[in-house]
Protein chains: 2
Amino acid sequence: MTTPRQPIEPAEALSLVLENARLSAPESLPLLEAVSLILAEEIPAEHDLPPFDRATMDGYGVRLADAGRSPRVVAVVPAGRPVELVLEDGDAVEIMTGAPCPQGVEAVVKVESTTRDGDRVRLPSTLERGRHIVARGSEHRAGAPLLSKGARLTPLAIAAAATAGRATVRVIPRPRVAVISTGAELTRPGEVRVPGRIRDSNRPMMAALLLESGLGEPSDHSVTDDRKIIDETLRGILAGEPPPHVLVLSGGVSVGRFDLVPEALLALGAEVVFHGVRQRPGKPLLFARLGERLIFGLPGNPLSVLAGFHGYVAPALRRMMGLPATRPPFSAHLDGPFQTTSERHQRVLAEVTSGADGELIARPLIGKGSGDLSAVQGANAYLMFNPGHHRLRAGAEVRGEWLK
Amino acid sequence: MTTPRQPIEPAEALSLVLENARLSAPESLPLLEAVSLILAEEIPAEHDLPPFDRATMDGYGVRLADAGRSPRVVAVVPAGRPVELVLEDGDAVEIMTGAPCPQGVEAVVKVESTTRDGDRVRLPSTLERGRHIVARGSEHRAGAPLLSKGARLTPLAIAAAATAGRATVRVIPRPRVAVISTGAELTRPGEVRVPGRIRDSNRPMMAALLLESGLGEPSDHSVTDDRKIIDETLRGILAGEPPPHVLVLSGGVSVGRFDLVPEALLALGAEVVFHGVRQRPGKPLLFARLGERLIFGLPGNPLSVLAGFHGYVAPALRRMMGLPATRPPFSAHLDGPFQTTSERHQRVLAEVTSGADGELIARPLIGKGSGDLSAVQGANAYLMFNPGHHRLRAGAEVRGEWLK
C-alpha cells in the first residue's frame, strides 16, 4: 500500500506536468495527416508564384496600342497549355482564366467587354496596362518562405504547402497515448456483465476525448486489479513498436489494498512526480515519468477521469504538440442560485450558452451521483471554485474553462 | 458554354442549399467511430445503476449497532467479486471502492477513521446510515433512458453508452464527400510541374477542411478540363460502392470556353438549383442536385473554394448530420482603419483575437493576390460586408463569422 504525500495545489501540479512535457520530435507526414499540426520546417516557394503572367479572366490578351480597334485573334490559350508566340500590335489571343499570357500581352480584356467578329475582336477604347494579369512572381519569389516553421497547418496552410509541391511535411506529430482502465470490477463493452461488475466507461471516454480533441492517437488496453497482470500489461505496452509517449491509466491510485498502480509504476522504474492534488474531483491524481514518457494515473471515477484529462493530460499533450498548453478562462453569469462547499479547489461541469446580448450564461450540471454520466453529457465547460463555501445568487459572476 | 442566370443573394442561396440538404439515414457504428455524432436511438440503462449497493470508499462495511465497538472482520470484499454473506451485528467486512456491499451492510466507514487490531476493527462512536454507499438504482433504474435520441455523442455521452453496455450505436453518420479539382493547369503534389501549370492546392485544402471540421469523410479525385474525362470521372465517382452523398468540385464553373462542369452535370441528369451568387469571392458558385445527392461547383480560386466551403458546403453537411446548420455571427472591433468596396456581399478573411477586457479584435488579412495563401493562413474568421463602399476607422464594429 502506498500513501499519497501531502496533496499539492492544482497550479503547482500543472506546472510540474508542463515542466516534464517536452516538445515531440518532428516527423514527416503525408500532407493530409498533418492537418492542424505545427510545421517543423520552413516551406519555400518552389518557383515564382504565380509561375507565369497569369490571366485572371476569360477574355482576350491584347496590346495597349489596339485600344478601340479590332485586332486579329491569332491563337487560343487554354489554362495549362502555354502558347509559344510573341504578340505584336494588331494581334490578340483568346485566353482563359488561369492561362499563361504569351510574351507581349500587355492586358487582358474580359470577354464581356468585347465583340467577336469572325477572327477579329472589337476592344474597348481604353485599356489599362496589366489589367486582369497577375505578374509572374508578384505573390512570391522562388525560394521565398511560403510557410514558416511553427505555423499551424490550417486548411489554407495545407493549400500553401500543396502549392509548394509538397506531398509530405515535417511536423510536430500527435503523441501516441496508451489508455488503460484498471479495476477488477470492469466488464468490456459487448461482454456479458456478471454480478458485482460494472461496464468500463473510462477507456471509451478517454479514447473519445483524444479523438474529439485531436490531441493524441489513442491505443487501448484492459487490465485487472491483479498486480501481476497490471505489470505484464504495462511492460507489454512499453515494449510496443512504437511504444506510446504517454500512458493514461484510470483507477487504482487511491490508498486501497487493491490500488496497485503506484507500486506497479515504481516496479517499472517510473519516478512519481506527485500523487495527490488539492482538487475535487480527482484528489488522488498521480503523475509519474519513465524516461521521457509521461504517466498519468487518474482516479477511477468517470468525472475524475474527465477532470484529469482536461486539467492535466490535455495541457501536456498540447505542449508536446507545440500548441499553447492552456486556454484563457472566461467569465460567465449563473443562470440561477448555486451553492457548493469544498475544502479543495473544485471543478463543476456546466452548460454555458450565449445570452441575448452576447454575455455567457452558465448552468451548473449536477447528476444524481458520481456515476450519473447522462445528466452531465451536455457539459461544454467547467466552473472553477476556490476552496471554501460559495453561496451564489442568480447572475453572479463565475470563472469558467471550456472543455475544448 | 453555359451562361449563369442572374446572380441570387447569398441568403437565398443558403436557403436553397439547406432546403435540399436532408438529414442522413441513421447507421450503426462502433462506439469510437461515433464520437461527436448525433444519436439516432434512445439508449436505456441495461440494469439498475449502480447495479448494486456500491461502496465509494476503501474501508469497512458495518452494522450501525456496532458504532464505537470493534466488530470482527469476517471477509474482504474486493471490487468485482461479490461476497455472498449476510452481515450480522458484531461482524464487519473489509471493502474496497467500487465493491458491492454484502447484504446487511448499513454504512461504509473510511479506512482512515478506523483502527485495525488483528481480526477486529475499531469503529467511530457515531455511524450514519448509508454513508459512503451509493444505493442500487439510485442513479438510474434499469430501462430508464441514459441517452436520448438526438443527443450529441460527447466523450461523456460515449461513457454513458459504454455504461449501458453498448459497443455500437445508431447515429446520423458523416456524409461521404467526393472532392474533385478540375483544371487542365493542375499538377498533383509530388508530380513534376511542367511550364504553364500550377500545383493543385484546392483538393488538399478541401480534404483538410473536411478532416479539420469532422463534417465529412473525404474521398479524392483529379480531373482535367477535357469534357470526356470529366464525364468519365463523375460517372465513376457516382458508381462508387458506396457512392458519395455530396460532390464538391473546384473550378470549371465560370463562363469560359473550357468551363465544362455545368454541361457535364446536366449531361449526368443533375438539376442546377442556382448558378451565380452576388458575393465576393465566389460569384460563379453552382449548386445542383442529382436525386438526393448534392453537388457544389466552387470557382477555382482557392479563396473562393474556402468561402464556398464555409458559406454553403459546411452548413449543408451540418444539416445532414443533424447539427445546427449555421452558427451565430459575432461582433468585433477593427484593429486599424480598413476600407473595401464591392457591389457584391463580401467575405474578408481575418484574424480575430480577444482583447484585454474580453472584446474581440479583428485584423483583416489581405494577401498580395488571390493565390497568396500564405498571407491568410492564420485566418480564423471572416468579416462580412454588405455591398457598397466601406471606409472604416480603427475600432469600428464589424460583423464576423468563425471559420470553425
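This is a predicted model. Its largest nonpolar core comprises 174 residues. Within that core, the residues with the most contacts are A:Ile158, A:Ala161 and A:Val248, together with B:Ile158, B:Ala161 and B:Val248.

Let me take B:Val248 as an example. Which residues does B:Val248 contact, leaving aside neighbours within four places in sequence? They are B:Val177, B:Val179, B:Met206, B:Phe296, B:Leu298 and B:Val313.

I turn now to the interface. Here 76 residues of chain A are in contact with 76 residues of chain B. On the chain A side, the elements that each supply at least two residues are strand 12 (145–147), helix 2 (155–163), strand 16 (198–199), helix 3 (202–213) and helix 6 (302–320). Helix 2 of chain A gives the most, with eight residues. By class, the side of chain A that touches chain B consists of 42 nonpolar, 20 polar and 14 charged residues.

How does helix 2 of chain A lie against helix 3 of chain B? Their axes come within 8 Å and cross at roughly 150°. An angle over 145 degrees counts as roughly antiparallel, and therefore helix 2 of chain A is described as roughly antiparallel to helix 3 of chain B. The crossing of these two helices is right-handed. From helix 2 of chain A, the residues taking part are A:Pro155, A:Leu156, A:Ile158, A:Ala159 and A:Ala162; they meet B:Pro204, B:Met205, B:Ala208, B:Leu209 and B:Glu212 in helix 3 of chain B. This contact divides into nine nonpolar residues, no polar ones and one charged.

Next, a helix pair inside chain A. Helix 4 (residues 227–238) and helix 5 (residues 261–268) of chain A pack at an angle of about 50°, their axes 10 Å apart. That angle makes helix 4 of chain A oblique to helix 5 of chain A, and the crossing is right-handed. A:Arg227, A:Ile230, A:Asp231 and A:Leu234 in helix 4 meet A:Val261, A:Ala264, A:Ala267 and A:Leu268 in helix 5. Six residues of this contact are nonpolar, none is polar and two are charged.

Finally, A:Ser28, which sits in strand 1 (residues 27–30) of chain A. Because A:Ser28 has 13 C-beta neighbours inside 10 Å, it counts as partly exposed. Beyond its neighbours within four places in sequence, A:Ser28 is in contact with A:Thr168, A:Val169 and A:Arg170. A:Pro173 is 145 residues away from A:Ser28 in sequence, yet their C-alpha atoms are 8.6 Å apart in space.

Note on methods:
Residues are numbered from 1 along each chain as its sequence is written. Chains are lettered from A and ligands numbered from 1 in the order in which they are written. This is a predicted model: local features need pLDDT of at least 70, side-chain atom pairs count only at pLDDT 80 or more; totals for chains, interfaces and linings use all residues. Two residues are in contact if their C-beta atoms, placed from the backbone, lie within 7 Å. Helices (H or I, at least four residues) and strands (E, at least two) are DSSP runs, numbered from the N terminus. Ala, Val, Leu, Ile, Met, Phe, Trp, Tyr, Cys and Pro count as nonpolar, Asp, Glu, Lys and Arg as charged, and the others, Gly among them, as polar. A nonpolar core is a set of buried Ala, Val, Leu, Ile, Met, Phe, Trp, Tyr and Cys residues joined through C-beta atoms within 7 Å. A residue is buried if 20 or more other C-beta atoms lie within 10 Å of its own, exposed if 12 or fewer, and partly exposed in between; C-beta atoms are placed from the backbone. Axes are lines fitted to C-alpha atoms, for helices over the stretch in contact, and angles run from 0 to 180 degrees between N-to-C directions. Angles under 35 degrees count as roughly parallel, over 145 as roughly antiparallel, 65 to 115 as roughly perpendicular and the rest as oblique. A crossing is left-handed if the near helix is turned anticlockwise from the far one by less than a right angle, and right-handed if clockwise.
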